[in-house]
Amino acid sequence: SVKPQIILVPFFGAKPTQLTKHKNLLNILGFSVTVVPLTYRWIPVSIKSIMNFNFKQIWTEEIEVILNQIDGPKIIFAFSNPSAAAISAIVRRSQNDIKALICDSGPSGDFYQSVRGLLKYYYKQPTVVQYLVGWYVFHFWSPGWDASLEKDIKKLPTGFPVMTIMGGNDH
């Protein structure tokens, strides 16, 4: 039996190097690892995304590209809210090569609250301008976040293994 390749999907704002310890541990355990380099560009990746243009859509397509380039079984290990894009990539591809999904600290069931928590974590006393930026990120991330996430989760194959890790001090 072939060991699955592990696909790491970074948390919002992370650089692939921030997952080096995760990658090294998985390599020691005998897994090949690929880190998806999520981008923060402001243009659609493909014609498909023009009508539904947002970060979640962009990242879904970037994850799909990586998944399509790697042969064999795969396990996705996604962090924070970009794990919603990993779920979307799984259901859009409708392949059977993804064997499991691990979600570490995400995706949030209440994305707006998640953005507010992130602002409070970084700025302690967020200003009105910071809240407005948070509102913008919330709406640009994915209009209809909660509805699209719920819809994607329902489209996962019956019995598809998903493990969620939610730390007690997540922000």
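Modeller: Gladly, and please keep in mind that this is a predicted model.

Colleague: How many of the 15 residues of helix 3 are buried?

Modeller: A residue counts as buried when its relative accessible area is under 20%. Helix 3 is mostly covered by that cut-off, and the number of its 15 residues that are buried is twelve.

Colleague: What distance does helix 3 reach from its first C-alpha to its last?

Modeller: Helix 3 has 15 residues, and at 1.5 Å a residue a span of 21 Å is expected. The model comes close to that expectation, with a reach from first C-alpha to last of 21 Å.

Colleague: How is helix 3 placed against helix 4, parallel, perpendicular or oblique?

Modeller: The axes of helix 3 (residues 55-69) and helix 4 (residues 83-93) come within 8 Å and cross at roughly 55°. That angle makes the placement of helix 3 relative to helix 4 oblique.

Colleague: Is the crossing of helix 3 and helix 4 left-handed or right-handed?

Modeller: Handedness tells us which way one helix is turned from the other, clockwise or anticlockwise. For helix 3 and helix 4, the crossing is right-handed.

Colleague: Which residues of helix 4 make the contact with helix 3?

Modeller: Helix 3 brings K56, Q57, W59, T60, E61, I63, E64, L67 and N68 to this contact. By class, the contact has seven nonpolar, four polar and five charged residues. On the side of helix 4, the residues are A84, A85, A86, S88, A89, R92 and R93.

Colleague: Is helix 4 largely enclosed or largely open, and how many of its eleven residues are buried?

Modeller: The buried residues of helix 4 are S83, A84, A85, A86, I87, S88, A89, I90, V91 and R93. Helix 4 is therefore largely enclosed by the rest of the structure, and its number of buried residues is ten.

Colleague: How far apart in space are S94 and L156, C-alpha to C-alpha?

Modeller: L156 sits in the loop between helix 7 (145-155) and strand 5 (162-165). In sequence, S94 and L156 are 62 residues apart. In space, their C-alpha to C-alpha distance is 8.8 Å.

Colleague: Which residues does L156 touch, leaving out those up to four places away in sequence?

Modeller: L156 counts as buried, at 14% relative accessibility. I87 is 69 residues from L156 in sequence, and the two are 7.9 Å apart in space, C-alpha to C-alpha. Without residues up to four places away in sequence, the list for L156 is I87, I90, V91 and V162.

Colleague: Let's turn to strand 3, where F79 has its place. Which residues is F79 in contact with, apart from neighbours within four places in sequence?

Modeller: F79 is buried, with a relative accessible area of 6%. The C-alpha atoms of F79 and G106, 27 residues apart along the chain, are separated by 6.3 Å. Leaving aside neighbours within four places in sequence, the contacts of F79 are L8, V9, P10, F11, L19, H22 and D104.

Colleague: To finish with the whole chain, what pattern does it follow along the sequence?

Modeller: The chain has seven helices and five strands, and 44% of its 171 residues count as buried. Among contacts between residues at least 6 apart in sequence, 72% join residues at least 24 apart. Read along the sequence, the pattern is β-α-β-α-α-β-α-β-α-α-α-β.

Key
Residues numbered from 1 in each chain as written. Predicted model: local features only at pLDDT ≥ 70, side-chain atom pairs only at ≥ 80, totals over all residues. Heavy atoms only, no water. Axes fitted to C-alpha atoms, helices over the stretch in contact; angles between N-to-C directions. Helix = DSSP H or I, 4+ residues; strand = E, 2+ residues; numbered from the N terminus. Parallel < 35°, antiparallel > 145°, perpendicular 65-115°, else oblique. Contact = heavy atoms within 4.5 Å. Nonpolar A, V, L, I, M, F, W, Y, C, P; charged D, E, K, R; others polar. Expected span 1.5 Å × (residues − 1). Buried < 20%, exposed > 50% of the residue type's maximum accessible area, 1.4 Å probe, protein only.
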